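Have the sequence and the model open side by side as you read.

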Amino acid sequence: MKYVNAKDILPENILKQLQTYAAGTLLYVPKEGEEKSWGEVSGYRAYLLKRNRMILNFFQYGVSLEEISDTFGLSQGTVKKIVYNKKHRANFNFRPEVSSAEEYEESRLLEEWVHTYLLFERKNKEFSDGLYLEDRYFIGPVKMPLTLFHRSSGPEEQMKWRVDATVFWRKVQNWTEHIADGQTTPPLIIGYTDGEFEINCNNPLFEALINMGRKSYPVIIWMTQKADYEDFREKYGDFE
């Protein structure tokens with residue numbers, strides 16, 4: 001669920017009235033005719049867990065309280081209560097590596113790991129925003145054979161995303177040295193649509209793994225359609 005700032009969607013007169021009664025408060029606006037309770041319909045507790053984890057991750061990466069407040073549509077006082085709460089901060093910190101993604105998955109926060117990685121490690125806000133446009137299915141990290149995948153980015157003419165050859169192969173070399181030194185690495189992020197895989201993130205890492213003779217590697221698979229999710233589970237469930 002993407003966080004929406006009320007000032008971006010409400011008329012000014014309505015926003016002023018809302019600020020009078022509920023400034024800095026997280027509100028749920030029920031659909032017309034909705035009879036179920038707020039928590040039952042929206043998964044309120046799960047929503048708060050996800051939201052608070054993202055706020056903590058933003059804070060971990062040095063984002064100011066003011067910017068966090070604006071991003072999540074909360075008062076700075078509310079943000080302070082979250083980031084300085086000992087119980088919240090005692091939870092695991094984000095790390096750009098497979099083991100961290102596994103920890104997030106165990107807490108049903110894999111999507112939050114993906115967005116944090118894209119925003120702060122890959123500096124790819126466009127991809128993160130695109131994923132937020134619709135509800136997605138996320139599976140992983142799961143170790144899968146690398147022969148199932150092919151690069152979608154590189155200097156070659158047939159690539160979906162063409163990049164400078166010098167830059168690309170330098171990144172491949174950096175990842176090769178990184179792996180050879182025994183340093184930790186992130187999972188690959190791969191989309192699955194109509195039975196086809198597409199490496200969306202870290203194509204140079206994939207190339208380095210192939211060149212080093214790796215046969216399998218942890219990946220995070222994301223899908224938009226339920227049919228694709230069910231198809232993936234049917235074909236590749238043994239790898240989960």
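## Around strand β4

In this predicted model, I189 has C201 as its bridge partner in β5. Turn to β6, and the partner of I189 there is I220. L188, for its part, sits opposite V219 in β6.

| Pair | Bridges | Direction |
|---|---|---|
| β4 and β5 | 5 bridges | antiparallel |
| β4 (188–193) and β6 (216–223) | 4 bridges | parallel |

The link between β4 and β5 is a hairpin with 2 residues between the strands, and D194 in that hairpin has a positive phi near 50°.

Zooming out, the open sheet has 4 strands, ordered β1-β6-β4-β5, with mixed pairing. The edges belong to β1 (137–145) and β5 (196–201), and because each has a single partner strand, one side of each has no neighbour in the sheet. On average, neighbouring strands here are turned by 35° against each other, ignoring direction.

Now for the helices. Helix α7 (residues 98–106) packs on the sheet and touches β1 and β6, with its direction at about 140° to that of β1. Helix α11 (residues 203–211) lies across β4, β5 and β6, and runs at about 110° to β5.

Back to β4: how many of its 6 residues are buried? The count is 5, so β4 is largely enclosed by the rest of the structure.

Technical notes:
Residues numbered from 1 in each chain as written. Predicted model: local features only at pLDDT ≥ 70, side-chain atom pairs only at ≥ 80, totals over all residues. Heavy atoms only, no water. Pairing = 2+ DSSP bridges. Axes fitted to C-alpha atoms, helices over the stretch in contact; angles between N-to-C directions. Contact = heavy atoms within 4.5 Å. Buried < 20%, exposed > 50% of the residue type's maximum accessible area, 1.4 Å probe, protein only.
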